[in-house]
Amino acid sequence: MHEIRVGFGDILKKQLELAGENYELLNGHGVRAFNVMGAIGSGKTTLILRLAESLRRRGLRVGAVAGDVAGDEDFRRFREAGLPAANINTGDECHLDAHRVHHALEDLPLGELDVLFIENVGNLVCPADFPLGTEMDLVVISVTEGDDMVRKHPKIFAQTDVMVINKVDLAEVVGVDPQRLMADYRTVNPHGIAILTDAKNGRGIEELLSALGF
Amino acid sequence: MHEYSLALSLLESLRTRLAEDPVRGRVKKVHLRQGELLVLSRDALREAWALVTEGTELAGSELVIEMVPVRVKCPACGYGGDAKYLAAEGWHVRVPVLSCPRCGARVDIVEGRDLAVVALTVEEGVETG
């Protein structure tokens with residue numbers, strides 16, 4: 001037996017290149033885009049709707065991409081709120097990738113948008129491996145998932161710009177201390193910003209917008 | 001969870017490569033490098049590989065995966081080298097921290113996201129196909 005060096009390269013590199021193209025496309029239209037990753041049922045859609053509400057009051061034009069394995073529930077919520085939106089059903093995949101997002105961008109009036117929220121598939125594992133070409137990456141969890149979420153999924157938290165802990169109004173009821181999540185986050189990601197929100201009642205939304213540079 | 005689709009991409013690119021530049025003999029091992037920033041499971045990738053290669057010239061080949069430590073560059077102090085890893089107890093996997101080991105500033109990733117084929121081990125005298 002013998003060994004042959006092949007080195008034909010990185011199979012994930014194509015994803016990085018596509019993400020770069022998305023970034024250029026968005027940037028060319030002056031759109032600031034955000035990849036909203038996070039746990040299933042953590043409140044990503046509600047959070048995006050709240051952020052959009054506030055940004056629109058400031059005169060900014062906001063769009064959204066809904067990413068789910070199947071269905072159009074989130075997409076319809078965005079449309080009902082009056083946001084230009086696109087829906088991505090991944091079928092058998094557990095994450096959005098730059099290629100799928102590129103097609104969604106073709107369906108959106110980018111020239112008429114200032115801000116775009118891309119809601120990733122609810123999952124704290126796979127989306128971390130697939131950059132989309134967004135300006136910032138957020139990870140959303142809620143207190144109802146427990147106070148050990150950062151320890152269970154450290155790599156996604158280590159690489160994300162902002163962590164949102166949602167449903168803080170329920171912290172006491174479920175017996176979870178958000179401070180423990182925040183301490184763990186600081187350990188894996190000393191440069192990340194942690195924000196507490198109760199998206200349903202609009203709490204923490206302005207702080208989050210300021211963390212996103214608005 | 002995305003191991004199956006990555007195994008498919010891997011198979012596709014490897015077969016394209018082998019069609020352009022055939023090897024003499026049967027491929028026994030496919031050597032991969034996997035960056036430690038990836039969340040990918042090595043076991044799941046090996047299982048997926050066994051499934052997707054079935055009925056192809058790569059059937060029965062083994063994936064040999066070498067983990068590649070994360071390398072970073074610091075825009076603040078110019079440090080270039082290995083990333084800092086979380087050393088505290090109670091963390092169950094090796095977690096790279098994207099903070100400069102020298103000055104503490106946020107670093108840029110140089111290496112650690114890649115999944116690349118670097119070599120093939122080929123058994124001579126047994127034809128592929």
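**A walk through the model**

Guide: Strand E2 (residues 32–38) of chain A is joined to E5(A) by five bridges, and the two run parallel. Strands are DSSP runs of at least two residues and helices (H or I) are runs of at least four, both numbered from the N terminus; two strands pair if DSSP finds at least two bridges between them. Please note that this is a predicted model, in which local features need pLDDT of at least 70 and side-chain atom pairs count only at pLDDT 80 or more, while totals for chains, interfaces and linings use all residues. Residues are numbered from 1 along each chain as its sequence is written, and chains are lettered from A and ligands numbered from 1 in the order in which they are written.

Visitor: Which residue is the bridge partner of Arg32(A) in E5(A)?

Guide: Arg32(A) is partnered by Val115(A). Val115(A) also stands opposite Val62(A), and E3(A) is joined to E5(A) by five bridges in a parallel arrangement.

Visitor: How many residues of E5(A) are buried?

Guide: Five of the five residues are buried, so E5(A) is largely enclosed by the rest of the structure. A residue counts as buried if 20 or more other C-beta atoms, placed from the backbone, lie within 10 Å of its own, as exposed if 12 or fewer do, and as partly exposed in between.

Visitor: Which residues lie on each side of E5(A)?

Guide: In a regular strand the side chains alternate between the two faces of the sheet. Here, Val115(A), Phe117(A) and Glu119(A) are on one side, with Leu116(A) and Ile118(A) on the other, and all are buried.

Visitor: What is the strand order of the whole sheet in chain A?

Guide: The order is E4-E3-E5-E2-E6-E7-E8 in an open sheet of seven strands with parallel pairing. Strand E4 (85–89) and strand E8 (193–196) of chain A are the edge strands, each pairing on one side only. On average, neighbouring strands are turned by 20 degrees against each other, direction ignored; axes are lines fitted to C-alpha atoms, for helices over the stretch in contact, and angles run from 0 to 180 degrees between N-to-C directions.

Visitor: Which helix packs on the sheet?

Guide: Helix H4 (residues 98–106) of chain A does, touching strand E3 (62–68), E4 and strand E5 (115–119), and its direction makes about 145 degrees with that of E4(A). Residues are in contact if their C-beta atoms, placed from the backbone, lie within 7 Å.

Visitor: How many bridges join E7 to E8 in chain A?

Guide: Four bridges join strand E7 (residues 162–166) of chain A to E8(A), and the strands run parallel. Within E8(A), Ala194(A) stands opposite Met163(A).

Visitor: Where does Lys167(A) lie?

Guide: Lys167(A) is in the loop between E7 and helix H7 (171–174) of chain A. Most residues other than glycine have a negative phi, whereas phi of Lys167(A) is positive, near 60 degrees. Lys167(A) is also buried, with 25 other C-beta atoms within 10 Å.

Visitor: And chain A as a whole: how many helices and strands?

Guide: Chain A has nine helices and eight strands. Its radius of gyration is 18 Å, close to the 17 Å that the globule rule gives for 214 residues, so chain A is as compact as a globular protein of that length. The radius is taken over C-alpha atoms, and the rule is 2.2 Å times the number of residues to the power 0.38. Of the 214 residues, 51% count as buried.

Visitor: Now chain B. What are its domains?

Guide: Chain B is divided into domain 1 (1–69 + 112–129) and domain 2 (70–111), with bounds from an automatic or database domain assignment. Their centres, taken over C-alpha atoms, are separated by 29 Å. Each domain gives eight residues to the contact.

Visitor: What order do the strands of the three-stranded sheet in chain B take?

Guide: The order is E4-E3-E7, in an open sheet with antiparallel pairing. Strand E3 (residues 71–73) of chain B and E7(B) pair over three bridges, and Lys73(B) stands opposite Asp108(B).

Visitor: Lastly, how many residues of each chain are in contact with the other?

Guide: The contact involves 36 residues of chain B and 29 residues of chain A. E8(B) gives the most to the side of chain B that touches chain A, with nine residues.

Key: Two residues are in contact if their C-beta atoms, placed from the backbone, lie within 7 Å.
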